[in-house]
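Please read each numbered point beside the view below.

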Amino acid sequence: MNKSDSHSPIQTPEESKRHYTVPEGYFDNLADRIMQAIPEETAEAKRKSEHIPLWVKLKPIIYMAAAFLLMVGFFKVLRWQTNVHQYQTSQTALLQPQNEKTTDSLYMEYFYDHCMDLVNEDLLLSDL
């Protein structure tokens with residue numbers, strides 16, 4: 001049993017406390033050691049870090065203006081396409097002979113000739 005206890009993964013409370021201790025005086029000069037590890041900035045480095053290029057300042061405004069111009073151009077093209085389509089439609093309407101019946105009138109004639117009896121029968125049955 002002694003052999004298995006020496007290889008046991010579970011540690012006693014005394015052994016466990018040894019792993020969570022720090023050396024004596026570790027926190028006494030910790031701040032000084034951290035400050036020594038940080039490099040000091042020179043005045044020139046501070047000036048460079050504070051300088052923001054003009055392009056970086058103007059970038060959001062330029063992007064917004066470009067997006068606005070693209071949107072205006074898109075709507076102008078869309079409107080132009082609509083006007084072209086309307087012009088073509090009006091031109092084809094002018095080229096068609098006036099004595100030809102339109103498709104709507106042909107559908108109406110077909111409906112009255114072939115389907116009106118069915119509609120009248122349905123209306124009569126629904127009245128009952």
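**Notes on the model**

1. Buried residues account for 0% of the 128 residues in the chain. The structure is a predicted model, and this figure should be read with that in mind. The accessible surface of the chain is about 13100 Å², and carbon and sulfur atoms hold 62% of that surface.

2. The confidence of the prediction deserves attention. The mean pLDDT of the chain is 76, and 70% of the residues score at least 70. Among the elements of the chain, helix H3 (residues 30-37) has the highest mean pLDDT, 89, whereas helix H1 (residues 2-6) has the lowest, 51.

3. As to secondary structure, the chain contains six helices and zero strands. Along the sequence this reads as the pattern α-α-α-α-α-α. One of the helices is H5, which covers residues 54-95 and includes leucine 54.

4. Leucine 54 also belongs to a patch on the surface. This nonpolar patch of about 790 Å² is formed by Ile52, Leu54, Trp55, Val56, Leu58, Ile61, Ile62 and Tyr63. Is leucine 54 buried or exposed? Leucine 54 has a relative accessible area of 57%, and it is exposed because this value is over 50%.

5. The aromatic rings form a further topic. A pair of aromatic rings is described by the distance of the centres and the angle of the planes. Two aromatic pairs are found in a search of the whole structure. Tyrosine 26 is partly exposed, at 34% relative accessibility, while phenylalanine 27 is exposed, at 57%.

6. Which arrangement do the rings of phenylalanine 74 and phenylalanine 75 adopt? Their centres lie 5.5 Å apart and their planes stand at 65°, so the pair is edge-to-face; the cut-off for this class is an angle over 60 degrees. Phenylalanine 74 has a relative accessible area of 51% and is therefore exposed. Phenylalanine 75, at 49% relative accessibility, counts as partly exposed, because the boundary for exposed residues is over 50%.

7. Tyrosine 26 has a further contact to be noted. Arginine 33 lies over the face of the tyrosine 26 ring, 4.7 Å from the ring centre.

Technical notes
Residues numbered from 1 in each chain as written. Predicted model: local features only at pLDDT ≥ 70, side-chain atom pairs only at ≥ 80, totals over all residues. Heavy atoms only, no water. Patch = residues over 30% accessible without salt bridge, like charges linked within 9 Å, V, L, I, M, F, W, Y side chains within 5 Å. Areas by Shrake-Rupley, 256 points an atom, 1.4 Å probe, with all protein chains shown as cover. Salt bridge = Lys/Arg side-chain N within 4 Å of Asp/Glu carboxyl O. Helix = DSSP H or I, 4+ residues; strand = E, 2+ residues; numbered from the N terminus. Buried < 20%, exposed > 50% of the residue type's maximum accessible area, 1.4 Å probe, protein only. pLDDT = per-residue confidence, 0-100. Phe/Tyr/Trp six-rings, centres within 6.5 Å; stacked < 30°, edge-to-face > 60°. Lys NZ or Arg CZ within 6 Å of the ring centre and 35° of its normal.
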